[in-house]
Amino acid sequence: MMSSSFWAMGGYARYVWPCYAFAGVVLAWNLWSARRFRVAAQLRARRAAQMSTAAVGEP
Amino acid sequence: MTVREIMWTWFYKLASPPYVYGVSAALAPWALGGAALAMGYGLIAGLAIAPPDYQQGEAVRMIYVHVPSAMLSLTVYTLMAAASAVALIWRIKVGHAVAAASAPIGASFTILALVTGSLWGRPMWGTYWAWDPRLTSELILLFLYVGVMSLRLAFEDPSRGDRAAALLAIVGVVNVPIVHFSVVWWNSLHQGATIVRLGAPKMPGSMLWPLLSMWLGFMLFFAAALCIRLQGEVLNRERQSTWVREAVKS
């Protein structure tokens, strides 16, 4: 398949490429949001651990 | 130790939050690597090597994204309902964590299936949307995902939210066979089952292998995203536990 005809997708480029672009966005969002969620949970857990250590240390 | 005893031991291990946290952390990179390989092959083969369809032409290439995302939307919902049932029946809290972690991923793949289906429908059916049984039941699936997520957050007591969301997830699973068989039970614009059907797939190997590879890639990607999200869910739910304190200190 020639490069120009590949990108043209037989006249369906305006449907095929947005389809793949949106799939890329969804996959990227899933990975980003999952990692962000885990980092936020780790921060909350760390803060809870620090607070409990501080509470034990108090007279 | 018999196979049955090994199975039960493994099942009970899955009820342990530290075990699930550790397994998720270990599995996530492997699943992500596998997903990249499978999707890489699927993309190259689907976009450049597979032949165009004799009726749909090059528009058929959209199925390499649409079909795996639609299949995943149903698989994830079934997993979410099964995890909810395990959580309610055996009172295994990790089940609620799995269900909560699955819901946003499943909802995003349902949106992807609906959008890519619309993009395929415009040149093939002449419209982006039709109130067709398959499309409508898939849209209901999205509403169910949104309902499960909203219900979980609607209660002040998280355990009540978990139980209410689990009940809705279990009741809503009735929609999964409706989505799958809608093309058989009613007159539908949507084509019938091509892969998941009795008998051999209706597709030639040159199109089937890229599609199966993309499906495997999407499944592995879901596994990776679930593992990462599940670690966060477990940490949120167990942050007062000693093992979490030790884990975050290290």
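Of the 250 residues of chain B, 43% count as buried. The model is predicted. Chain B has nine helices and zero strands. Chain B also touches chain A, through 31 residues of its own and 30 residues of chain A.

**Overall form of chain B**
- Along the sequence, the pattern reads α-α-α-α-α-α-α-α-α.
- Along the principal axes, the C-alpha atoms of chain B fill a box of roughly 60 × 35 × 35 Å.
- Take the contacts in chain B between residues at least 6 apart in sequence: 75% of them join residues at least 24 apart.

**Contact between the chains**
- Chain A gives 30 residues to this contact and chain B gives 31 residues.
- On the chain B side, α4 (93–125), α8 (205–238) and α9 (242–249) each give two or more residues.
- The largest share of that side, nine residues, comes from α4(B).
- By type, the side of chain B that touches chain A has 17 nonpolar, seven polar and seven charged residues.

**Packing of α4(B) on α5(B)**
- The axes of α4(B) and α5(B) (residues 133–153) come within 9 Å and cross at roughly 155°.
- That angle is over 145°, so the two helices are roughly antiparallel.
- The crossing of α4(B) and α5(B) is left-handed.
- Residues of α4(B) in this contact include A100(B), A107(B) and L114(B), while those of α5(B) include L135(B), L142(B) and M149(B).
- The residues of the contact of α4(B) with α5(B) comprise 15 nonpolar, three polar and two charged.

Key: Residues numbered from 1 in each chain as written. Chains lettered and ligands numbered in written order. Predicted model: local features only at pLDDT ≥ 70, side-chain atom pairs only at ≥ 80, totals over all residues. Contact = placed C-beta atoms within 7 Å. Helix = DSSP H or I, 4+ residues; strand = E, 2+ residues; numbered from the N terminus. Nonpolar A, V, L, I, M, F, W, Y, C, P; charged D, E, K, R; others polar. Axes fitted to C-alpha atoms, helices over the stretch in contact; angles between N-to-C directions. Parallel < 35°, antiparallel > 145°, perpendicular 65-115°, else oblique. Left-handed = near helix turned anticlockwise from the far one by under 90°. Buried ≥ 20, exposed ≤ 12 C-beta atoms within 10 Å, placed from the backbone.
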